[in-house]
Amino acid sequence: MPGPVTTLLIEGSFEELSDELAQYVDNLKKSQGDESSDIQGEVAQLLQDNKKDEVLKKLVMGSQVLNQAPEKEFVAAYNLLIHLVRQSPNVGMFLPRICGHLTAPVTSSPANGGGLALSILSTIFNTLAPSNDMRYHILLAIVRVVKQTSNFETLRPQLKHLDSWLEEWDLEEEDTRKLYLAISEVAADAGEDEQAYSYLLRTLRTFPSDEASSPEAKELSLRALKTALTHPSHYDFQDLTDLDSIVALRDSEPVYFQLLEIFNSDNLDDFNDFKDEHDGWIDESGLDAAALNRKMRLLTLASIAAATGQTRSLPYAHIAKALQIPAEDVEMWVIDVIRAGLVEGKLSQLNQTFLIHRSTYRVFGENQWREVASRLDMWRNSLTGVLQVIQQEKLRFIQEKEEELKAVDQKLENANRAQGLRQGNRKPRAAIDDEMD
């Protein structure tokens, strides 16, 4: 796979190596029944006329037979071809055809053919300068081979470099779109739903506003919408509503867009009204009705949790009514919404309430900003009160210490006075002796 820049070291002149490869291609063709192949003779004539690019055209056109080369010779043969092509000033004329050959099946090694092709494509990619936009075409070929082998893990480590590569290549939006879509489809085939959806959104972002209603944009937008609705762990739909191509569905696919708006901000009652209004439409569209019902209940529970305000408490009865479920199922749904990461809290069976620690806003608009401002004001007032208490305690502590120090000073002063009085009352020893005489 793509990595540090690679250098191919192959000894021999262009003429010698071209003749060697031409002979090898002829031998492969003849082994497959094409006795008329004479690429070696044609190459020899072109070399006499010093037509190197014409020589390379012959070799590249005939190189498709390399896919039938024995596995142990496959890499060496292709590396020789790449080495020759890189000596041309028109390397971009030949590499796309070689990549086309490598995306075709390697018939000589059905089991390891994909890995062999990826090895050669990676060599081509890494022998090009990082800023060379030919790398884009090589990467597209790599993605195609990965799709054939269903081995997304070989591509995953390289995706972290994709943004920097695209920036260096400075591609047209259409080319970028083509690459994103190819990666999305590879990920989808490999069961990598998150990656597939992520790159599908990237694909949609490449459509300018004037192409948001194009047939391609519409088809991909519907694909993204269906994926988001049915994916078991996707609950945020604002990534879709921000896209021009999705907004364009309001006119071209109004029922789909109405359903998106319901999942973006409405509750179970609105979803049930939608189903009554468009009876049978969900089944006809191929959407999973059971999955939609479950997701809508979870989103509804997230909404009513976020709307509790400062009380941060939801009675079981309120939850049962909003979700239209029996009271005995409330705890199961609360556990599910916590597992989904939409709400954090604690169930109180004794009080039959759900104590909410954190809830997720489905739509963050003006009302939510007001609530955030209100909470910030409340926290600020609380912190101000705490600071005042701390300052008061600090003053009280200082006063107590000052009083303790004064008391100690007073005791020392009293002790010194007492000591002085005792010394003042004591007679000199000479005077005592005179009195005894």
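Start with helix α9, where Thr176, Arg177, Leu179, Tyr180, Leu181, Ala182, Ile183, Ser184, Val186 and Ala187 are buried. Keep in mind that this is a predicted model. What lies over those buried residues of α9? The cover includes α7 (134-149), α8 (162-169), α10 (193-205) and α11 (215-230). After α9 comes Gly191, with a positive phi near 80°.

Now move along the chain to the sheet. Three strands make up an open sheet in the order β1-β3-β2, with antiparallel pairing. The edges belong to β1 (313-315) and β2 (343-348), and each has a single partner strand, so one side of each is left without a neighbour in the sheet. On average, and ignoring direction, neighbouring strands here are turned by 30° against each other. Look at the pairing of β2 with β3 (residues 353-359): this antiparallel pair is joined over six bridges. To pick out one spot there, take Glu344, whose bridge partner in β3 is Arg358.

Helix α20 (residues 330-339), for its part, lies across β2 and β3 and runs at about 150° to β2.

Between α19 and α20 there is a loop, and Ile325 sits in it. Is Ile325 buried or exposed? Its relative accessibility is 11%, and the cut-off for buried is under 20%, so Ile325 counts as buried. Which residues does Ile325 touch, leaving aside those up to four places away in sequence? They are Arg297, Ala320, Val330 and Trp333. As for Ile262, it is 63 residues from Ile325 in sequence, and the C-alpha atoms of the two are 20 Å apart.

Finally, a word on confidence. The protein averages a pLDDT of 87, and 90% of the residues score at least 70. Over residues 3-9, though, pLDDT stays under 50, and the model has 14 contacts for this stretch beyond four places in sequence.

Methods. Residues are numbered from 1 along each chain as its sequence is written. This is a predicted model: local features need pLDDT of at least 70, side-chain atom pairs count only at pLDDT 80 or more; totals for chains, interfaces and linings use all residues. Side-chain values use heavy atoms; hydrogens and water are left out. Two strands pair if DSSP finds at least two bridges between them. Helices (H or I, at least four residues) and strands (E, at least two) are DSSP runs, numbered from the N terminus. Axes are lines fitted to C-alpha atoms, for helices over the stretch in contact, and angles run from 0 to 180 degrees between N-to-C directions. Contact means heavy atoms within 4.5 Å. Buried means under 20% relative accessible area, exposed over 50%, partly exposed in between (1.4 Å probe, protein chains only). pLDDT is the predictor's confidence in each residue, from 0 to 100.
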